[in-house]
Amino acid sequence: MAGRADDERFMAEALKLAHQHLGATGSNPSVGCVIVRDDGEGQRIVGSAVTAIGGRPHAETGALTAAGEAARGATAYVTLEPCSHHGKTPPCADALIAAGVARVVVAVTDPDERVAGRGLAMLREAGIEVVTGVLEDEGERELEAYLMRKRDNRPYVTLKLAVSADGMIGIRGHGQVRITGAPAREFVHRLRAETDAILVGIGTAIADDPELTVRIPGLEHRSPLRIVLDQDLRLPLTSKLVRTAREIPVIVVAADGVAKGGQGRQAALEAAGVEVLVCDPRHIDLLLEALATRGISSLLVEGGARTAELFLNAGLVDRILLFTGPSTLGEEGVPSPLDRSLLPVGFVHTRTDTFGDDLLDTYEYERTP
């Protein structure tokens, strides 16, 4: 019989697996599953899997397939409660029962109203021992975006800012200005690969002409959905975002009146493969709800002082990543909308990381239970 230490060790393995496909499983959460058995010679992993890219098959199905007959009488470690409802695939709880596992260990109970304890109840009714809450805090952290979408009906929002030593985020009229070095930029690209969607304001989209893709060899296919707050539909048809919209989706968020009055601009953008979403960009809460209904669990806000202020003023930022580079930009610089000495109420500093000459300070919003 596995003890608490063994349960935590194998759950930690399942959590590592879950992280591999973060941001790449569509509307489904990235879940890890490890199947472990002991035939008297010590515990060994006989099957493991993470939710596949795109969301299917689920982790439990993949792990059970890998384990085969060895799953019978074994223990399954799953980072999120096995699903109990019929969707595009049968319930994972049924698959675990059919495979004959003797024990299921779960980190986090699924708040999805279609599950919410039903998966655990199905397992128990089938005579399977169920243990919950193993590495629950770590599981909540790994699943924070999915849990936010299910509990609060909005994506988990991370605001990323790169600030010069003199507190600037760019230079007026100079387009994109590099403030951080290569190691920090690689970190950001890996963050993009783990995020469902990335958002900038139209000012950044025009001034910098960014692609907002993942440019790490081997991870290009993990580029997130790209969103531009563009109240007046000003995004140029010649921009990199528009020119690549058929390969990597782009959503332009425009105000209702503009969308109706600017049918020519809207039609041209749509003809290029851009989706125009009618939702006043100033109403961030409504936009986040709309994104949640599409299954978007995590949103990275990357561009523009005004856009950053919009999210901060609405109280809809969950994590702030504040990079500081060693260079100064001078009097023509664009001031950062955020001063680390005057953080919005509720944010606490959680860690500092170093990337070459750059510092990354992480601040998280501390929610009361």
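Guide: Gladly! Helices here are DSSP runs (H or I, at least four residues), and strands are E runs of at least two, numbered from the N terminus. Axes are lines fitted to C-alpha atoms, for helices over the stretch in contact, and angles run from 0 to 180 degrees between N-to-C directions. The model is predicted: local features need pLDDT of at least 70, side-chain atom pairs count only at pLDDT 80 or more, and totals for chains, interfaces and linings use all residues. Residues are numbered from 1 along each chain as its sequence is written, and side-chain values use heavy atoms, with hydrogens and water left out.

Now to our pair. Helix α3 spans residues 92-99 and helix α4 residues 118-125; their axes lie 9 Å apart, at an angle of about 20°. Angles under 35 degrees count as roughly parallel, so α3 and α4 are roughly parallel to each other. Their crossing is right-handed, which means that the near helix is turned clockwise from the far one by less than a right angle.

Who touches whom? Contact means heavy atoms within 4.5 Å. From α3 come Ala 93, Asp 94, Leu 96 and Ile 97, while α4 brings Gly 119, Met 122 and Leu 123. Of these residues, five are nonpolar, one is polar and one is charged. In this sorting, Ala, Val, Leu, Ile, Met, Phe, Trp, Tyr, Cys and Pro are nonpolar, Asp, Glu, Lys and Arg are charged, and the others, Gly among them, are polar.

Key. Angles under 35 degrees count as roughly parallel, over 145 as roughly antiparallel, 65 to 115 as roughly perpendicular and the rest as oblique.
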